[in-house]
Amino acid sequence: LGPGPPAEPANRMSFAHSTPAEALPQPAESSVDARQLEILRHEPRNLLALAFHFILIRVAWVFKTETVIMPAFLDIIAGSGWIRGCLPLLNRVGQSVPPILLSDRLRARPLKNPTLLITTSLMSVPFFLLSGLWAVYWTNPPGWLPVVFLACYFWFFACNGLNQMVFGTLQGKLIRPDRRGRLMSVSAILGSLIAVTCARFLMQRWLQLPDGGYTRVFGVTAVGFILAGLCSFAISEPRDENPPAHRSARHLVCSAWQVFCHDRHFRQTGVVAMLFISIQLLFPHYQALGRESLKPDEVGFHLMLWVIAQNVSVGLFSMVMGTLSDRYGNRVVLRSELAVLCLTPLFAIWLTSRHPEYTRNWYWMVYFMLGLTPVTMRTLVNYTLELTRPDNHPQYVSTMGVCFAVPLVFAPLAGGLLEAVGFPVVFCGIAGLIGLGVLLTFRLAEPRFTSELAPIALPSDEEPS
């Protein structure tokens, strides 16, 4: 936790190892020592506060699942494959560009916790708006509603990208590496259990209402994010003393590029992340593929079933993978996650090639496998946090967000190709990309268990010429 001893060069990577509090290295400066002791003293409280924040995020998220609910709503108001294909692009650009532009400001803030409250609260705004608009216009949706929906979708994921950067920075600052997996597993399993309960007893009934239930679905989502933001008041955070930064947007983008170019270990991880995230190109289309085998009166039940299956798997996979990553490191866990995700598109194509009755009974298993996607993203972020010292976490996490965004530029093209050549060709191609990512994980180092990784030159704070 915290920066290394004063004798360590400022540009050297620092890999935090899991050690008991009494065995932590004692820096020469008493202020640094006091700061580390304060972090350790409040770590149980912060674990609980961050876990409750994540739990409420999971409960709110179940009502806006981007693999089921959001594309199904867009199909009602628009119904075009290429428009549906815009969702992954807006998702990733929103989660990637704003964090890069604001990572310097977050790094310079003495306290990161207030930013967590702001970003989480802003995530609720588009859902309050969509809930109100749908309550008024559901009987005759106007032509401009798809544009407003896409704008709200982008707004939400821009705020969510900032929220993830702040959460990852706070996690790296306040929680030791060998306890981050515990935070992921405990919060995800509890969040999934509560979310699935809400979906089982509320969502199915709402989706059968005349307006499709989206007024209530979006309203509950907005309230859930507000409650998640309030958890930030329970976090105890020491002040940072990072100098204020006044770098331009151009320099921030250049700094992200320098991280990718100069840190070999981050670059290898970024390539794996780009190959992995290609699975999100297919996210809006899984429900379209599955709905081909459904009868009209079955749609509400199966949408609810798919949401439940995905959220149950998030909890179960988080518990298993979080425990394994604490014990064995993130690299072997990442490799296992990618291997399962590589099979998911192939399994979906095989399942839908069977008899429709067979597909209706078992298609929920596809969404169970897809639940591993957000878990894998958290594994990649946790791995990234171990590649550098804490004061560089905002820059590294935001740069990883850019790696997640790069392949999704092709999302509208993927949607168009699905209509032109069919589901099997595109789904098998994506499976091949993820399989290549599995192979590249064998080139990754495990920073927690090795000291042979070379130091890097971090980007300069001076403006580029």
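User: What share of the contacts with a separation of 6 or more comes from residues 24 or more positions apart?

Analyst: Those residues account for 88% of the contacts in the chain at that separation, a contact being heavy atoms within 4.5 Å. Keep in mind that this is a predicted model, where local features need pLDDT of at least 70, side-chain atom pairs count only at pLDDT 80 or more, and totals for chains, interfaces and linings use all residues. Residues are numbered from 1 along each chain as its sequence is written, and side-chain values use heavy atoms, with hydrogens and water left out.

User: Why is T359 called buried?

Analyst: Buried means under 20% relative accessible area, exposed over 50%, and partly exposed in between (1.4 Å probe, protein chains only). T359 has 2% relative accessibility, so it counts as buried. It sits in helix 15 (residues 356–362), helices being DSSP runs of H or I with at least four residues, numbered from the N terminus. Leaving out residues up to four places away in sequence, T359 touches S293, L351, T352 and R354.

User: Which helix gives the most to the nonpolar patch?

Analyst: That's helix 13 (residues 299–328), with 5 residues.

User: How many helices does the chain have?

Analyst: The chain has 20 helices, and 59% of its 465 residues count as buried.

Key
Helices (H or I, at least four residues) and strands (E, at least two) are DSSP runs, numbered from the N terminus.
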